Structure formats: C-alpha cells, structure tokens
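Subject: Handover of a structure and notes on its contents

Dear colleague,

Please find the sequence and structure below. My notes on what was found follow directly after them.

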Amino acid sequence: MKRRHISARELVDEAYAAIERENPKLSAFITLRDKADAQREAVRLDRETELRPLHGIPFCAKDAYMTEGLRTTAGSKVLETFAPPFDATVIRHLRDAGGILIGKTNMDAWGHGGSTENSDFGVTSNPYDRRYVAGGSSGGSAAAVAVRASMFSIAEDTGGSIRNPASMCNVTGLKVTYGLVSRFGMISYASSLDTVGPIAKSADDIAHVLEAIAGPDPKDATSSHRPVPKYSKLLKQPVKGLRLGIPEEAMHAGIDTDVRRVFDEALAVLGGLGVKTIPVRIPSLCFSVPMYYLIAMSETSSNLARFDGVRFGRSRKFFSEETMRRIIVGTYALKAGYQDELYVRALKGRTILIREFDELWKSCDALVCPTLPGLPHKRGDIAREPLKMLLADSLTVPANLIGSPALALPAGFSRTNLPVGIQLVGKRFNEAALLSLGHAFQRATDWHMRKPNA
Amino acid sequence: MSETDTIEYELVCGMEVHIELNTASKMFCGCRNEPMRAMAPNLHVCPVCLGMPGTLPVPNKRAIESTVLLGLALGCAINRQSKFDRKHYRYPDLPKGYQITQYELPFCKGSRIETSEGPVRLRRIHLEEDTAKLMHPGSRVKLAMGQVRTGSEESHIDFNRAGVPLIELVTEPDVVSPAQAKEFGKTLRSTVKYLGISGADLESGEMRLEASVSMRLQGEKTLPPYKVELKNINSFGFLEKAIAFEMKRQRKLLEKGVQPKQETRGFREATGETVAQRSKENADDYRYFPDPDIPPIELGESWIEALRRRVPELPVAKVRRWKEEFGIDPRYGELLCEEREDAEKWEKQFESLVLLNAPVDEFVKDVANKRTKFSHETPPHEVALQYAGRRDEKPLSDEEVMRAVNDVCAAETKAVSDIRQGNERALGFLCGLVLKRLGTKSGGERVRESLRAHLST
C-alpha cells in the first residue's frame with residue numbers, strides 16, 4: 001500500500017476494470033458506485049500531500065452497511081430502492097483513512113444464510129469454479145477480493161458470515177471480538193452476535209484495515225473503550241511456543257476427507273513454526289448450533305420489526321421465504337410461555353459455553369480447527385435442505401457465541417480445486433496474536449497468493 | 001330503604017402515570033427533547049429515533065438520574081442492577097416495531113405516597129421512550145409559517161416525540177375514592193416539579209394520568225376479575241369526574257349481575273362520561289426480552305448516595321417544618337409551597353422577619369387571605385415595620401377586654417339592638433370600635449366572642 005508507484009486514480013480504474021471483467025460471471029456486486037464519482041474522489045486524494053493510512057485504496061462493503069446516497073439493500077427486495085441518509089461508522093472511518101468506496105456486495109438477505117443463495121439479487125458464484133457457491137452470508141465480499149476487484153472488503157460475521165466465504169474463496173477473513181468495531185450503521189441481524197470485520201488477501205492487509213476501523217463509538221453502547229493496539233506493528237511478534245488447542249468435539253466424523261487433509265498439512269506447517277498443538281475438550285460445543293439459531297432467530301425477528309414500509313423501504317410482503325421462516329421461528333422462541341424453554345435456555349447455555357472457553361484459555365493461547373466441515377457445495381444443492389445448511393455452521397458459530405475473535409486463513413485446495421480454509425479462534429481482544437500467527441503461516445505458505453484462473 | 005341500598009360496592013383503583021422528562025436530549029439519541037414547542041413536525045429527528053436500519057440506542061444518563069432521583073424522593077428501593085427491555089407491538093407511531101422500556105428490573109420499586117385517605121403504595125417506577133404522535137384527519141398541525149389542517153383522508157406522524165424519555169409510575173390498586181386519586185396525582189406532581197425533572201403539565205401531556213377502575217363488594221379482599229382502564233384524562237378535575245362516572249356505570253352493571261367488560265375507555269369532557277375505546281380481553285404478548293444493544297446497567301452505591309443528597313426538602317416536610325419553626329398554619333404553608341423557587345424565597349423572608357421580631361404567622365395569614373400586597377419580594381424591614389406595633393403589645397387581660405366591650409355597648413345602643421335582631425355587619429362595626437378603644441389592631445376574634453357573650457345575656 002505504498003503510493004510511490006501507483007496513484008489512487010490508477011487503483012480505482014483497475015478496480016472497475018476488474019469488476020467489469022469478473023462481475024458478470026460472479027454476481028458479486030449488487031450496486032456499483034458511479035465510476036466518475038469514484039474517480040473524482042481518487043483524483044482529490046492524489047492531490048493530498050499527507051498520506052492517510054489507507055490512502056486511495058478501493059474497497060467494497062457488504063450491502064448490510066449504510067452508505068450515504070448509495071443504495072443499501074441488505075440483499076433484500078424490501079430495500080431494493082432504499083438509499084441511506086448517513087454512513088455507517090465503519091464506512092466513515094474507512095473514508096477518513098483515505099479508502100475509496102466502489103460498491104456494495106451481494107449477501108444472503110439480512111445475513112440469513114451461509115451461501116449467498118438467499119439473496120434476492122442472484123447467487124454469487126465461486127471464483128474458482130462457478131458451478132459452486134462462494135459461501136455466505138458475505139459471499140460477494142469474498143468473491144470480489146478473490147478476483148482482486150477490491151483490495152479489501154468490509155463484511156459482517158454473525159455465525160461465520162466472514163469466515164465461511166473467505167475460506168470458500170481462498171481469501172483471509174477476520175471475525176473481530178464483539179465490541180471492537182462499531183456496529184452503528186450496520187443493518188442488524190442478531191445484535192448480540194453481529195461483528196464488523198474485513199476480508200482481504202492476507203493477515204497483513206487485514207491488520208492495516210483493522211487499525212483504521214477498531215475503537216469506541218459513542219453511537220454504539222456495546223462498543224469497547226479499550227485502547228486499540230497498532231495491529232500492523234504487532235504482526236511480526238514471535239509465535240514460537242504458542243499453544244494451539246484442537247477441539248476434539250470439532251474433529252468429528254462428518255469432516256470431509258479433503259478438509260481433513262488440508263487441515264493436517266496446515267498443522268504440520270504450524271508445527272514447523274514452533275507452535276504446539278494440544279487436544280482440548282469443550283463439552284458444550286455440540287449445543288452451539290441450536291443455541292446460536294435460537295438466539296439469532298429471536299433477535300432477528302425483533303430487529304426486522306422496523307421494516308414496515310412506513311418510513312422507508314417497501315412492504316413486508318417482499319420478504320423472502322427464508323426471511324419469513326426465521327422471523328416466525330424467532331417470534332415463536334420469544335413467545336410468552338415458550339421464551340423460558342427456548343430463548344432463555346439458549347442464553348444460559350451460552351454462559352456455560354463462555355465459561356468453558358474461559359477455562360480453556362488457561363491452558364492454550366488459541367484454538368485451531370477447519371473453518372467448515374465440508375467443501376463448497378454446488379449452487380442449488382443443499383439450499384433444498386435447510387437443516388444441512390445450518391449444520392455447516394457448527395465450527396464457526398462458537399466464536400460468535402463467546403464473543404471471541406477468529407481468523408480464517410487459506411490453507412489449501414481439494415482434489416477438485418476448491419479452496420479449503422482453517423480457522424484460529426482466540427481470547428477476546430487478542431486479535432494481535434491471531435494476526436501474527438496468521439502472518440507467520442502466510443510467510444511459510446503461499447495459498448493466499450493464489451488467484452482463480454480466468 | 002330501597003333494594004339498591006342494601007348492596008354496597010367499593011372502588012378498587014390503581015393509577016398509572018407517565019411523566020415526560022425535561023432532559024436536553026432524547027432518551028436514546030442526541031436529538032433535542034422538545035416535543036411540545038417545536039416549530040414544526042419532524043424537526044427534532046435523526047436516524048436513531050426514526051428507527052432507520054443500522055441505528056443503535058445509547059441511554060441518556062441524565063434521564064436515568066432523574067428516574068432514580070424521583071424514586072429516592074418517594075422513598076423507593078433502587079435496583080442497583082437494571083436493564084432495558086424490548087416490548088414488541090405494531091403501530092405506526094412505534095418506528096422500531098418495539099419500544100425500549102423496562103420490564104423485570106425497573107430502576108425503582110416499592111414505597112408509597114401518603115394521602116389524607118391513607119397511603120397509596122407504589123409498585124414500580126421505570127424509564128422508557130415515548131412514541132411518535134399520530135395526527136388523524138383534520139388535525140391542526142403547527143408549522144413555522146402558521147398552522148395548517150391535515151387533509152380529510154390522511155393520518156400524519158410527527159416523530160418529534162419519538163424517543164423522548166418517559167418515566168412510568170405504577171401504583172397498587174389502593175385508591176379508594178376519586179378525591180384520593182386527585183390528591184395522589186397532585187402530590188406526585190408537586191414532587192416531580194420540586195425535583196425539577198419535568199414541567200409535569202397535564203394539558204400538554206407532559207404528565208399523563210391513567211386510572212384502572214373496578215368495583216367489588218364492600219369488605220371483599222380479593223381483586224375483581226376485571227378492570228377498566230381510563231385514559232385521555234388531562235386534568236385532575238377530569239380525573240375525579242371520570243372515576244366517579246365509571247364507578248356509577250360499573251355499579252349499575254354489577255347490580256344487574258353483569259360483569260363490566262375489560263376494556264379501555266376515554267373521558268369525554270363535554271358529557272362527563274367515559275366511552276369505550278378498544279377492547280383488552282387478554283394481555284398482549286409483548287415478547288419482552290433484554291435489549292441486546294444496551295449493556296446491563298449497574299448503579300454504584302456512591303452514585304446513588306450523591307443523588308440522594310440532591311433530593312430537596314419536599315412540600316409535605318417543608319410545611320410541617322414551617323409550622324414548628326415559624327408557627328405557620330399548614331393550610332397557608334401549602335399554598336406558599338407550591339413552587340420550589342417561591343418556597344425558598346418565602347423562607348428567606350421568614351428568616352429575615354424573625355430577626356426583625358416581626359410576626360411571621362400573622363403575615364402569612366394575611367398573604368394567604370390576600371389582605372396584604374406584601375410578598376416574598378418585599379424588603380423585610382418594610383414588612384416588619386407594618387407589623388411592628390403588634391409584637392410590642394402586652395397581651396390584653398380579659399378584664400380590659402370586657403370593660404371595653406361594656407363601654408362600647410353602652411354607648412352604641414342602636415348597633416346593639418341591630419345585632420340582637422341578627423345583623424352581623426353591626427357586630428363587625430362594634431368590634432372595630434372595641435379594638436380602637438383598646439388601641440390595638442389584633443385580637444379581633446377574641447373581641448367578637450366577648451361581644452357575643454355580652455350581648456347574649
């Protein structure tokens with residue numbers, strides 16, 4: 001990101017050219033910013049003498065982020081004609097840092113999904129094999145970065161929505177600690193689980209973006225007031241001797257053989273870096289998926305109540321079936337007479353899980369496991385099996401339930417040339433450790449440098 | 001004795017009061033808190049109070065302070081651990097589709113407000129956000145250039161009020177008469193005004209009264225199986241009338257063996273009657289759950305104590321103290337106590353007058369009866385001068401008074417005969433003469449009594 005060799009204007013032109021080339025095949029973008037507008041901004045930045053942290057870097061944002069004057073749909077037809085009157089805090093931070101917003105990317109409507117097949121604006125294809133999905137719910141963001149149509153993307157992770165598509169598209173994605181980055185201006189899916197985070201080529205890039213967006217926000221009462229470390233400066237901190245736990249419950253029989261192989265190879269690399277791996281047990285891990293879904297669906301049924309078509313957007317009859325399914329389940333779980341058995345019980349289980357992890361951190365510094373139990377599926381394949389879709393989240397939702405950071409790293413490919421990623425899960429507010437470990441892994445491997453063939 | 005007289009019913013009534021706080025900004029955003037006097041509709045709005053996507057609520061600290069302050073002033077227990085909950089229902093004046101309120105852990109609970117007909121126990125005091133204001137066809141809308149009437153087909157929504165901090169206070173069903181309800185309301189209002197947390201004006205809706213009314217057989221201890229909620233009452237007078245009317249209406253039904261319908265009724269000022277508004281057969285399922293966007297609140301002990309020290313002396317206590325310290329009749333004291341700033345000025349005046357040896361009790365009585373133009377603003381020495389003579393006087397002996405009475409009655413035979421024929425004015429005339437003879441201006445009551453005693457023999 002050093003400007004000496006290239007101008008912002010050139011970066012922007014390159015980005016739009018890449019989009020023109022790739023997007024028709026991928027459907028990664030829902031809305032593109034007017035090119036001339038972006039070019040003007042680039043030219044203005046080129047004239048500045050003081051370099052900002054992300055000077056002239058083109059980026060895109062998942063369509064869950066409010067962007068002033070630029071259509072924001074959350075992947076749903078309800079907001080098909082909606083242009084926000086303000087920028088989300090994270091968007092404002094990125095613009096203040098010199099970033100140039102070029103478009104809004106495709107997503108499962110309202111964040112509901114793990115494959116972007118629930119988008120009302122088409123399915124995003126996997127850049128490595130277009131018969132397959134790009135993952136979700138931030139499929140568009142991951143695909144855009146994979147084909148370098150964008151240097152980084154701001155996406156959102158509630159149950160794996162950053163890590164899932166990052167691993168399916170061979171890019172790096174960070175789910176942050178809950179409260180590290182302001183959620184103001186991000187259309188809420190599940191308020192106690194949602195996090196704002198970057199998808200980029202490498203842990204290095206992610207560290208730079210994170211510095212620009214982390215920190216307290218007076219408009220978000222759940223944002224943390226802790227001082228924000230200089231992540232980019234901490235990338236090279238030593239990783240030798242770090243203890244990584246491998247959760248036994250996660251390495252179950254349902255894990256695909258290719259995923260297993262890639263994971264084992266990654267462990268060998270980590271071992272070579274001087275990292276110790278130890279098996280660990282998390283007894284309540286098996287309840288993560290039902291806990292997650294009870295909490296997420298309850299909270300989303302409430303968060304979607306404001307879309308009544310009175311002040312903005314269209315009527316609720318434009319909600320898709322999947323959205324309605326989730327609203328109904330969530331409403332049911334909050335009903336008088338059922339709330340204690342369903343929603344409240346899930347909250348109690350969550351506390352137990354948090355305590356189990358707190359205990360765990362006494363004996364290890366982070367966890368490592370695959371991001372997904374399986375490979376990307378073909379478009380349309382399991383969309384017909386909602387339950388199977390939910391179980392694909394089993395390895396990602398725990399980090400959201402406990403509020404911990406998690407980094408998804410490209411780790412290899414299946415025999416069918418589909419990307420496979422691994423995941424590091426850490427202590428709350430310890431992004432620096434994950435990023436430095438990810439950076440070390442990416443110095444020892446080059447998976448993250450690969451690009452899909454045209 | 002008629003049939004109806006044999007069955008006596010008694011009132012079972014609880015109050016619910018909403019009070020708009022006078023914080024500078026709204027409850028969960030930085031918009032100006034000015035729902036009543038805004039120059040135009042939808043002026044003090046922002047993405048948060050409009051419920052736009054992606055917006056988040058941030059609690060107003062001063063509003064929480066005001067709520068706890070009221071609880072402390074009323075003797076409530078304060079919940080050190082508290083939270084905000086979401087209450088879900090659908091209405092165009094509720095932008096998020098839920099209201100942020102408090103369900104299980106209100107800031108304050110317990111205690112009571114004393115009235116002349118017994119205590120009214122408080123169940124809880126909590127904090128929530130107000131809804132927007134709906135204006136139906138033909139409403140008058142204030143705009144910067146004047147007023148405008150809305151069309152006959154349209155309803156409009158004004159979000160100036162959406163998100164304004166609102167205290168809700170709920171009592172137990174202890175109210176036993178319409179008069180007591182009024183007294184309760186007035187005491188609560190004066191407390192709120194003393195604390196300076198709200199203008200508590202009823203007409204504008206700054207303070208809103210609701211009463212739930214049911215009737216049961218006299219002496220019964222269990223709660224009736226129904227209740228009728230009375231809303232849209234914007235004066236204490238109307239509150240009394242509404243409850244009284246409702247009591248009559250319900251009594252008539254009960255006497256016929258009919259259980260009054262559980263419903264909400266509004267008060268019609270023109271007719272003095274309550275009218276059905278909407279049916280409330282079962283409680284709505286509001287699906288309350290803690291708002292995940294607002295971390296739980298913990299109130300520190302020292303923070304609460306600091307607030308407790310800010311509770312000023314309230315009217316009831318002040319009146320009592322004025323009687324002890326200055327000998328002021330409580331009836332008059334109450335009148336002077338209504339506004340806190342005035343009360344403080346009055347007290348300064350009393351203190352000055354005491355130093356000057358002036359009779360505070362007499363001065364206050366004259367003020368209350370409008371027999372003097374002097375006030376709390378009058379320089380104390382002027383007041384003292386006016387009342388100077390009286391303190392120096394020795395109290396008159398009964399003999400002196402009787403002698404004066406005899407002398408005057410002997411001299412004024414016409415007046416005496418008028419009095420004997422029932423003329424009260426003549427009595428006053430004689431009284432004045434006696435006082436003049438005694439060389440005093442005070443003691444009129446005593447003289448009158450003496451005269452009456454003398455003339456009745």
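Leaving aside neighbours within four places in sequence, A:L210 is in contact with A:L174, A:V176, A:L180, A:V181, A:Y231, A:E431 and A:L435, where contact means heavy atoms within 4.5 Å. This is a predicted model, in which local features need pLDDT of at least 70 and side-chain atom pairs count only at pLDDT 80 or more, while totals for chains, interfaces and linings use all residues. Residues are numbered from 1 along each chain as its sequence is written, chains are lettered from A and ligands numbered from 1 in the order in which they are written, and side-chain values use heavy atoms, with hydrogens and water left out.

Nonpolar cores

A:L210 is one of the residues with the most contacts inside the largest nonpolar core, together with A:V90, A:W110 and A:I154. That core has 117 residues. A nonpolar core is a set of buried Ala, Val, Leu, Ile, Met, Phe, Trp, Tyr and Cys residues joined through side-chain atoms within 4.5 Å. Buried means under 20% relative accessible area, exposed over 50%, and partly exposed in between (1.4 Å probe, protein chains only). In soluble globular proteins, nonpolar side chains tend to be buried together.

The interface of the two chains

The contact takes 34 residues from chain A and 28 residues from chain B. Between them the chains bury about 2500 Å², 60% of it on carbon and sulfur atoms; buried area is the accessible area (1.4 Å probe) that two parts lose on being put together, summed over both. The rule finds 1 salt bridge across this interface, a salt bridge being a side-chain nitrogen of Lys or Arg within 4 Å of a carboxyl oxygen of Asp or Glu. A:R183 forms a salt bridge with B:D293, their closest N and O atoms being 2.9 Å apart. Both A:R183 and B:D293 are buried.

Salt bridges elsewhere

Over all chains, a search of the whole structure finds 62 salt bridges. A:R183 lies in the loop between β7 (172-175) and β8 (195-200) of chain A, and B:D293 in the loop between β18 (289-290) and β19 (297-298) of chain B, so this pair joins two chains. Helices (H or I, at least four residues) and strands (E, at least two) are DSSP runs, numbered from the N terminus.

Within chain A, the side chains of A:E249 and A:R281 meet in a salt bridge (3.0 Å, N to O). A:E249 lies in the loop between β9 (243-247) and α8 (257-272), and A:R281 in the loop between β10 (276-280) and α9 (288-303), so the pair ties together parts that are 32 residues apart in sequence. A:R281 is exposed, with a relative accessible area of 54%.

Within chain B, B:E240 forms a salt bridge with B:K182, the closest N and O atoms being 3.4 Å apart. Because B:E240 lies in helix α4 (residues 236-255) and B:K182 in helix α3 (residues 178-195), the pair ties together parts that are 58 residues apart in sequence. B:E240 is partly exposed, at 25% relative accessibility. Salt bridges that share partners also join B:E313, B:K318, B:R321, B:E325 and B:E347 into one network.

With kind regards
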